[in-house]
Amino acid sequence: MTGQPVYAVAVCAGAAAWLLVAGERGVRRARLLFAGAGAGAEEPPEPWAWRRWWPVLRLRREWLCLAVGGLIAVLGASVLPLLAGGAAVPLVRRRLAGRERGRARDRRAEAVIALCGAVAGELRAGWQPGQALRFAAGSTGALGAEEAAVLAAARFGGDVPEALRRAAREDGADGLAGMAACWQVAADSGAGLAAGLDRLEAALRERRDQRERLRAQLTGAWATVGLLAVLPVVGLAMGWAMGADPLRVLLHTPAGAGCLVVGGLLEAAGLWWAGRIVRAGEES
């Protein structure tokens, strides 16, 4: 009877997570319903397919913390793991958002490299600088939110270097500042813009390759951090294999609760410190 409240709370948490994940479908249906008479009737729903739900599930991966916490709460007959899983959701969301920003930054840097090469190629083909920039920008997407301003400056004789410097303020687009410098030098002294962009592209590629080599060298360090993260799970599994009940000890005895709090704090501090060391190596 003592475990019934825990089961009820776990079921409610699972239902809440499912509603948060599946709520996107209800919003989409409402938009179609109120889009207007000219939108046409809604198509009949397709059979269940992972390809339809995977984008939503991928955006809500942090809610797996709540599901895992509910499972451990059921196994340990305690609501504490469920609360810990709920507290971990914003932390995991922040971590996933940081990783997504890093991937977007890398894509933007790659687009800037492609833009430099494309503009240099168009200049050698006989296009004027403004025309070459307008033609190459649409195929690379390197200018981001400032694309309209940069293209307007290139089309109507505006200050293209200043527009490029504003575009370089966005995350991952710092290479555009070098492009602005090349453009300024070519406009002031008549130097070849294509040659300057070639050198800039080579420098940006070298910096990218150096960053990739450093990440490859730090793969072992990140693997060590991951091993540190799973060590408590391995310890619990060994306890079960030896016939003990570690969850009961940790969640239902004063000594176990103290060990759980101290161990959790030490684990969090160790992960934070190891991650900080590895990230400092990446940024160096």
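This is a short chat about a predicted model of one protein chain.

Reader: Quick overview first. How many helices and strands in the chain's secondary structure?

Author: This is a predicted model. The chain comes to 12 helices and 0 strands. Read along the sequence, the pattern is α-α-α-α-α-α-α-α-α-α-α-α.

Reader: And what share of the residues is buried?

Author: Buried residues make up 28% of the chain, which has 284 residues.

Reader: OK, helix packing. At what angle do α4 and α9 pack?

Author: About 155°, with the axes 9 Å apart. Helix α4 covers residues 80-124, and helix α9 covers residues 193-217.

Reader: Why call α4 and α9 roughly antiparallel?

Author: Angles over 145 degrees count as roughly antiparallel. The pair packs at about 155°, so α4 and α9 are roughly antiparallel to each other.

Reader: Left-handed or right-handed crossing?

Author: The crossing of α4 and α9 is left-handed.

Reader: Give me a residue pair. How far apart are the C-alpha atoms of Arg205 and Glu110?

Author: 8.5 Å, although Arg205 and Glu110 are 95 residues apart along the chain. Arg205 lies in helix α9. Arg205 is partly exposed, with a relative accessible area of 31%.

Reader: Switching to charges. How many salt bridges does the structure hold?

Author: The structure holds 14 salt bridges. Side chains of opposite charge can pair when their charged atoms come close.

Reader: Which residue does Glu170 meet in a salt bridge?

Author: Arg108, at 2.7 Å from N to O. Glu170 sits in the loop between α7 (160-167) and α8 (175-189), while Arg108 is in helix α4, so the pair ties together parts that are 62 residues apart in sequence.

Reader: Is Arg108 buried or exposed?

Author: Arg108 counts as buried, at 11% relative accessibility. The cut-off for buried is under 20%.

Reader: What about Arg165? Which residue forms a salt bridge with it?

Author: Glu162, with the closest N and O atoms 3.7 Å apart. Arg165 and Glu162 are 3 residues apart in helix α7, so about one helical turn separates them. Arg165 is partly exposed at 34% relative accessibility. Glu162 is partly exposed too, with a relative accessible area of 28%.

Reader: How accessible is Ala77?

Author: Ala77 is partly exposed, with a relative accessible area of 35%.

Reader: Stay around there. Where is Leu71?

Author: Leu71 is in helix α3, residues 64-76. Leu71 is exposed, with a relative accessible area of 51%. The cut-off for exposed is over 50%.

Reader: And how far is Leu71 from Pro81 in space?

Author: 8.4 Å, C-alpha to C-alpha. In sequence, Leu71 and Pro81 are 10 residues apart.

Reader: Last topic, the surface. Which residues make the nonpolar patch?

Author: Leu227, Val230, Leu231, Val234 and Met238 make it. The patch covers about 440 Å².

Reader: Take Leu231. Which helix does it lie in?

Author: Leu231 lies in helix α10, residues 219-241.

Reader: And what does Leu231 count as, by relative accessibility?

Author: Leu231 counts as partly exposed, at 46% relative accessibility.

Notes: Residues are numbered from 1 along each chain as its sequence is written. This is a predicted model: local features need pLDDT of at least 70, side-chain atom pairs count only at pLDDT 80 or more; totals for chains, interfaces and linings use all residues. Side-chain values use heavy atoms; hydrogens and water are left out. Patches are made of residues with over 30% relative accessible area and no salt bridge: like charges are joined within 9 Å, nonpolar side chains (Val, Leu, Ile, Met, Phe, Trp, Tyr) within 5 Å. Accessible areas come from the Shrake-Rupley method with a 1.4 Å probe; for residues, only the protein chains shown count as cover. A salt bridge is a side-chain nitrogen of Lys or Arg within 4 Å of a carboxyl oxygen of Asp or Glu. Helices (H or I, at least four residues) and strands (E, at least two) are DSSP runs, numbered from the N terminus. Buried means under 20% relative accessible area, exposed over 50%, partly exposed in between (1.4 Å probe, protein chains only). Axes are lines fitted to C-alpha atoms, for helices over the stretch in contact, and angles run from 0 to 180 degrees between N-to-C directions. Angles under 35 degrees count as roughly parallel, over 145 as roughly antiparallel, 65 to 115 as roughly perpendicular and the rest as oblique. A crossing is left-handed if the near helix is turned anticlockwise from the far one by less than a right angle, and right-handed if clockwise.
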